[in-house]
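This briefing goes through one protein chain by topic. Please have the sequence and the 3D view open while reading.

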Amino acid sequence: MTRTAKTLSSLIFSIILLIGGNAFLMTLLGLRLSIEGVSPGVIGWILVFYSFGFVAGTLFAGRIIERVGHIRAFAVFAAILAASILIYPMAVQAGLWGGLRAVGGFVMAGLMIVMESWFSSKADNQNRASLFAIYQIVFFLSTAGGQVLIRLGDPAGYIPFSLAAILVALAVVPLSLTRRESPTIVQGERMSLRRLYGKSPVGTLGSLVAGLLISAFYAMGPVYANRIGLDVGQVSNFMASAIIAAMVMAWPVGRLCDRFDRYRVMVVTALIAAGCSLAAAFIGGMSAWVLVLFVGLYMGISATLYPIAVAISNDLMDSHQITAASTALLLSYGIGSCIGPVVSAAAMELMGPAGLFVSNATILGLLMLFMVVGPGRRKHPSVEEQEDYYMTTPEVAIAMADLDPRNPDFEEHPAEMKEEPAEVEAVSR
């Protein structure tokens, strides 16, 4: 894995800068809006436009990349994102910020398609599992690192926005210096949500709920933290703990999914996450550290819902349908991410800050009812018949489905692999 990471060093640096800057911005926006006294309902609607733009970007940004190439597309997307970040502090207006969020979501999807397709183009059957793991680790650590940057400036000023824009702009440099030939984007088989639901209702709804919960937390979590009186440093710890917990919980839950019935694992996971969410709502006010503990557990466990849903769906698919199912699951997740901030914001309007976690616990309860007594109650493959479990995130599914070690249709590109030594030499210099 070490050698693989060295050959990808330029791409990894771009990912760290881009993901870190974007994660920093997402927390900064919610915190700034809360400081400005904007109501949770309005904040939810402003921030949900990012999800609208991101879903649109996953569908249409690839066409721009195909037309102008990866390097030019990356530069264009990054320039637009950096410019949009600098506009935010100029005027705190709901309409303007909602539009900027939609633009940011669209170009961010395009940026990730460029990087991830480039990342996956370096894979072969011997190293793709390692590449898959490297990407996951880099993504989680960069997202957590972005939360720490909140401490570097007053969220009510313009400096944090400038810092986020600088990180995004610098992400262009490492990728632009790579000597590797641009990869191609291959349009794969499509699967409708109706067809996916017919084959895997639990996987479909589980992905939607995961998108709802995670987007609600990223959008409204900083607002919740500010409204209960946490200072900037505590908000940073609050958000970072949830992201680190998601990375830490991936391994033990994955082990359980390989040893036990994944359907039951998902029910128990939803139950524990709901309990932690309620604890965060009603016990977390006792102290900041108690809150961080329960929120970390809640988000760490909730983040495993999506990969469990993917694993459950893959168990029910024919081998040639896995990539198409991954795309449909991503769409289901995207729909959930468009709903989450609005629902949680409405709950916070009605119940105060604790409404964020009460509403999330309620949604998890509905998922459990769906699985135990509703349409999700179906016969599933035995433990022996289950496919191997791999931790994944929705962001990976945008352009790296072929890299998933479960995908039997992976194709190597021998011509591209021959160029590897030249890039290794260039990076070593």
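At 45% relative accessibility, Ile166 counts as partly exposed, where buried means under 20% relative accessible area, exposed over 50%, and partly exposed in between (1.4 Å probe, protein chains only). The model is predicted, so local features need pLDDT of at least 70 and side-chain atom pairs count only at pLDDT 80 or more, while totals for chains, interfaces and linings use all residues. Residues are numbered from 1 along each chain as its sequence is written, and side-chain values use heavy atoms, with hydrogens and water left out.

**Overall make-up**

- The protein chain has 18 helices and zero strands; both are DSSP runs numbered from the N terminus, helices being H or I with at least four residues and strands E with at least two.
- Of the 429 residues in the protein chain, 57% are buried.
- The accessible surface of the protein chain is about 17,200 Å², and carbon and sulfur atoms account for 64% of it; accessible areas come from the Shrake-Rupley method with a 1.4 Å probe, and for residues only the protein chains shown count as cover.
- Taking contacts in the protein chain between residues at least 6 apart in sequence, 87% join residues at least 24 apart; contact means heavy atoms within 4.5 Å.

**Surface patch around Ile166**

- Ile166 belongs to helix 7.
- Together with Leu170, Val173 and Leu177, Ile166 forms a nonpolar patch on the surface, with about 380 Å² of accessible area in total.
- Helix 7 (159–170) and helix 8 (172–177) are the elements that each give two or more residues to this nonpolar patch.
- Patches are made of residues with over 30% relative accessible area and no salt bridge; like charges are joined within 9 Å, and nonpolar side chains (Val, Leu, Ile, Met, Phe, Trp, Tyr) within 5 Å.

**Nonpolar cores**

- A nonpolar core is a set of buried Ala, Val, Leu, Ile, Met, Phe, Trp, Tyr and Cys residues joined through side-chain atoms within 4.5 Å.
- The largest such core has 114 residues, and those with the most contacts inside it are Met108, Phe238, Met266 and Phe357.
- Helix 10 (residues 201–227) gives the most to this core, contributing 13 residues.
- A second, separate core has five residues, among them Phe140, Ala144, Ala246 and Ala303.
- Leaving aside neighbours within four places in sequence, Phe238 is in contact with residues including Phe217, Tyr224, Leu291, Val295 and Phe357.

**Buried polar residues**

- Asn22 lies in helix 2 (residues 9–35) and counts as buried because its relative accessibility is 7%.
- The side chain of Asn22 makes a polar contact with the side chain of Tyr50 at 3.3 Å. A polar contact is a pair of N or O atoms within 3.5 Å; within protein, one must be able to donate a hydrogen and the other to accept it, and residues adjacent in sequence count only if both atoms are side-chain atoms.
- With neighbours within four places in sequence left aside, Asn22 is in contact with Tyr50 and Met108; Met108 is also one of the residues with the most contacts inside the largest nonpolar core.
- Ser207 is found in helix 10 and is buried, at 0% relative accessibility.
- Ser207 and Ser332 are 125 residues apart along the chain, yet their C-alpha atoms are separated by 5.9 Å.
- Apart from neighbours within four places in sequence, Ser207 is in contact with Tyr306, Ala309, Leu329, Ser332 and Tyr333.
- Ser313 lies in helix 14 (residues 305–315) and is buried, with a relative accessible area of 0%.
- The side chains of Ser313 and Ser200 make a polar contact at 3.1 Å.
- Again leaving aside neighbours within four places in sequence, Ser313 is in contact with Ser200, Gly203 and Leu329.

**Salt bridge**

- A salt bridge is a side-chain nitrogen of Lys or Arg within 4 Å of a carboxyl oxygen of Asp or Glu, and by this rule the count comes to one.
- Arg32 forms a salt bridge with Glu36, with the closest N and O atoms 2.9 Å apart.
- Arg32 counts as buried because its relative accessibility is 6%, whereas Glu36, at 40%, counts as partly exposed.

**End of helix 4**

- Ile87 is found in helix 4 (residues 70–87) and is partly exposed, with a relative accessible area of 29%.
- Not counting residues up to four places away in sequence, Ile87 touches Leu96 and Leu100.
- Ile87 and Leu100 are 13 residues apart in sequence and 8.3 Å apart in space, C-alpha to C-alpha.
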